[in-house]
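Subject: Structure for you to look at

Hello,

Here is the structure I said I would pass on. Please open it first and then read my notes beside it.

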Amino acid sequence: MPATLPIGTVVDSGDIAELNAQRFNRHTFWCGQSGSGKTYALGVVLEQILAHTSLPVVILDPNADFVRLGEVRPEAAGGSTAAALEGRDIRVLRPGDRDDSLRVRFSALPFPIKAALLRLDPLDDRAEYNALLHLQERYPINDERSIVERLQESGDPVHHALAERVENLALDDWGLWAGERAAATEIIDTRPDATVLDLGGFRYAEEPLVVALSVLDDLWTRREQRRPVLIVIDEAHNLCSPDLDSPLGRAVREQIIRIAAEGRKYGLWLLLSTQRPSKVHPGIISQCDNLALMKMSSPIDLHELASIFGFVPESLIEQSPLFTQGMALFAGGFIGAPTIVQMGDRVTFEGGSDVGVPLR
Ligand SMILES: Nc1ncnc2c1ncn2[C@@H]1O[C@H](COP(=O)(O)OP(=O)(O)OP(=O)(O)O)[C@@H](O)[C@H]1O
Ligand SMILES: [Mg+2]
């Protein structure tokens, strides 16, 4: 019998609305305008996945919205979902200086990314680029800080120049380097039930991109292990917009495109949430088999969605502008037939909910 995930009520009938857990082995696209309730609803679905499956979930969370995914609200305590969640291994990795903070191992990054971070060109910066290429052989210890120090102390002028470059670009000031502590990739490799990567709150704009890249690259590199994982990207436009044009941004997007195109058979399944379909690269959306559509008023966006998800009746998509908060149209493999659902309540706390207007 397929595992079913209760997520709310069917608007037409009042019946319990359920998703087919088995069909999260496809990519899912989740769309709706700001405030339509995407993040809240995504939380409802993730709670159910955690409660009813052993599919590990990795959440790239740009606004610390899921950092309380392990904390059951008192009103929900005693229920079966709450009871199941109590036993789950949920890791929340946040920027900071604690032992369990969110970290990246520089030495494990793909070489082109290391070179891009150091803004090294293979020809214009021949000597330094080459020194970076052979850095690992020369300084085999996994401690980036001590490498910088040792580069500085080295009598080799090229190594000295490399150290200056690191310092000038303030890379040694980034809080995310793992050094002797665990990197996010190493934690995810142990497959906790959920790993929340809080990408907000870094000091430098590139840091969240480096985290995303390191995690996605690591999962992709180990794809032959075929260990399933659901990769959830809220506000996916941050990581896969067609407009990203920094070398780092492009590399993250390319990796997501690769996973969208070829990850499915290796057990790398995406769940991407965003406000407008045009904010996610078309090569990614076109690989999604599941759709969740919340309120979206723009006819252009709705038309675009209808043409990408041709299997969804346009008459249902057209209802989206009338949806109230928490209403969602689900269509695709993870639901029997396209269905409009009123999402149920969260069992755990939301992280950063809306800010109220201050009153006098
Ligand atoms: N089903 C719901 N029940 C109760 N409150 C909800 C529901 N859905 C959303 N909310 C509340 O509405 C606010 C906005 O919801 P949410 O953050 O999920 O929107 P969003 O679609 O993710 O918006 P954005 O695109 O700006 O991130 C939040 O404060 C949330 O608590
Ligand atoms: Mg949101």
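Predicted model: local features only at pLDDT ≥ 70, side-chain atom pairs only at ≥ 80, totals over all residues.

Does Arg 226 count as buried or exposed, going by its C-beta neighbours inside 10 Å?

The strands make up an open sheet of eleven, with mixed pairing. Reading across, the order is β2-β1-β11-β10-β9-β3-β8-β7-β4-β6-β5. At the edges are β2 (16-20) and β5 (90-93); each has a single partner strand, so one side of each has no neighbour in the sheet. From one strand to the next, the twist averages 25 degrees.

As background, the strands of a sheet pair through backbone hydrogen bonds, either parallel or antiparallel. Both senses can be found here. Strand β3 (residues 27-31) runs parallel to β9 (residues 288-293), and five bridges join the two. In this pair, Thr 28 is opposite Asn 290 of β9. β1 and β11 run antiparallel and are joined by three bridges, with Val 10 opposite Val 341 in β11. β11 also pairs with β10, again in the antiparallel sense, over four bridges. There, Leu 329 has Ile 340 in β11 as its bridge partner. β10 and β11 form a hairpin, and six residues lie between them.

Helix α1 and the ligand

Helix α1 (residues 38-52) lies across several strands, including β1 (4-10), β4 (57-61) and β8 (268-274). Its direction is at about 145 degrees to β1. The helix also matters for your view of ligand 1: three residues of the shell around ligand 1 come from α1, the largest share. The ligand is surrounded by 15 residues, and the closest are Ser 34, Gly 37, Thr 39, Tyr 40 and Gly 326. By class, this shell has two nonpolar, ten polar and three charged residues.

The cores

In soluble globular proteins, nonpolar side chains tend to be buried together. The largest nonpolar core in this model has 93 residues. Val 57, Leu 197, Val 211, Val 232, Leu 293 and Ala 328 touch the most other members. Another core, of seven residues, lies apart from it, and Leu 120, Ala 131, Ile 147 and Leu 151 are among its members.

Leu 272 is buried because 25 other C-beta atoms lie within 10 Å, and 20 or more are enough for that. Beyond the residues up to four places away in sequence, Leu 272 touches Phe 29, Trp 30, Ile 233, Ala 236, Val 280 and Ile 284. Leu 272 and Gly 35 are 237 residues apart in sequence, and their C-alpha atoms are 17 Å apart in space.

Two loop residues

Most residues other than glycine have a negative phi. Ala 64 is not a glycine, yet has a positive phi of about 55 degrees. Ala 64 is in the loop between β4 and α2 (80-86) and counts as partly exposed, because 17 C-beta neighbours lie inside 10 Å.

Arg 226 is not a glycine either, and its phi is positive, about 50 degrees. This residue is in the loop between α9 (206-221) and β7. As for the opening question, Arg 226 counts as exposed, because it has 10 C-beta neighbours inside 10 Å, and the limit for exposed is 12 or fewer.

Regards

Key:
Residues numbered from 1 in each chain as written. Chains lettered and ligands numbered in written order. Pairing = 2+ DSSP bridges. Axes fitted to C-alpha atoms, helices over the stretch in contact; angles between N-to-C directions. Contact = placed C-beta atoms within 7 Å. Core = buried A, V, L, I, M, F, W, Y, C linked by C-beta atoms within 7 Å. Near = placed C-beta within 6 Å. Nonpolar A, V, L, I, M, F, W, Y, C, P; charged D, E, K, R; others polar.
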